[in-house]
Amino acid sequence: MTGFAFDGCRHIAIEGVIGVGKTTLARRLAAHLSADLFLEKPQDNPFLERFYADPARYAFQAQMYFLFQRVEQYRELAQPGMFGDRVVSDFVFAKDAIFARLTLNDEEYGLYVQMHRHFARQIPEPDLVLWLQAGVPTLQERIARRGIAMEQGIEAGYLDRLHEAYVEHFRSYTAAPVLAIDTEGIDPAGREEDFRRLLAALRACDARPGVQELALSRA
């Protein structure tokens with residue numbers, strides 16, 4: 001991709017591991033850009049709480065619900081007049097497949113992949129992905145601070161495996177620029193100075209398809 005222009009991106013997606021701050025930043029960025037906000041809806045999944053309590057028993061049900069839910073959401077996104085000129089989301093369609101690889105057994109995953117591939121061909125890619133990152137201790141601290149009861153038992157090993165699954169996914173992703181942002185020492189979602197630094201970096205970068213590091217360290 002040449003001639004990248006952040007202000008010309010119609011769909012900006014924010015991704016990353018549980019607790020990294022995707023939704024908070026999506027809300028702030030959408031408000032700043034006067035863009036429509038396009039959020040995943042985990043609270044609507046009737047199997048999610050049961051999955052956290054008993055992953056082996058409820059993983060397939062939870063993943064299938066998310067798959068069909070996201071298909072419907074992206075169909076709404078594609079409908080003329082449903083959204084404005086710009087959209088900021090806190091997920092990409094491929095997110096569910098990243099989780100499925102970790103949570104499903106081989107037989108379940110094989111069936112899941114067949115259905116996911118069928119729908120994925122119909123789903124448009126975003127114009128830009130912001131991939132937020134943080135270390136496991138930081139993620140655990142943020143998960144504890146936001147206080148969602150069913151998330152409190154998430155183990156460090158699962159968060160680490162999930163990060164590695166994101167790395168594997170984006171290693172071969174070339175459909176859009178992916179800007180990796182280390183949020184360990186910076187808080188663009190909650191700190192005005194850091195948010196302004198993020199906007200300046202986005203407008204100055206020469207993004208191309210694939211992953212690039214976006215340096216936002218405080219001076």
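Author: Let us begin with a term: contact means heavy atoms within 4.5 Å. Please bear in mind that this is a predicted model.

Reader: Which elements cover the buried residues of α4?

Author: The cover includes β1 (11-15), α1, α2 (48-53), α3, α5 and α7 (156-171). Helix α4 (residues 95-103) is mostly covered, with seven of its nine residues buried. Those buried residues are K95, D96, A97, I98, F99, A100 and T103.

Reader: How is the packing of two helices described?

Author: One gives the angle between the axes and the distance between them. Here, helix α3 (residues 55-78) packs with helix α5 (residues 106-120) at an angle of about 5°, and their axes are 11 Å apart. Angles under 35 degrees count as roughly parallel, so α3 is roughly parallel to α5. On the side of α3, the contact is made by F60, Q63, M64, L67, F68, V71 and R75; α5 contributes E108, L111, Y112, M115, H116 and F119.

Reader: What span should helix α8 have?

Author: At 1.5 Å a residue, the 13 residues of α8 (residues 192-204) should span 18 Å. The C-alpha atoms at its ends are 18 Å apart, which agrees.

Reader: Which residues of α8 are buried?

Author: They are D194, F195, L198, L199, A201 and L202. Because these residues cover an arc of only 165° around the axis, they lie on the same side of α8. Among the elements that cover them are α1 (22-33), β4 (128-133) and β5 (177-182).

Notes:
Residues numbered from 1 in each chain as written. Predicted model: local features only at pLDDT ≥ 70, side-chain atom pairs only at ≥ 80, totals over all residues. Heavy atoms only, no water. Helix = DSSP H or I, 4+ residues; strand = E, 2+ residues; numbered from the N terminus. Expected span 1.5 Å × (residues − 1). Buried < 20%, exposed > 50% of the residue type's maximum accessible area, 1.4 Å probe, protein only. Arc of directions from axis to C-beta. Axes fitted to C-alpha atoms, helices over the stretch in contact; angles between N-to-C directions. Parallel < 35°, antiparallel > 145°, perpendicular 65-115°, else oblique.
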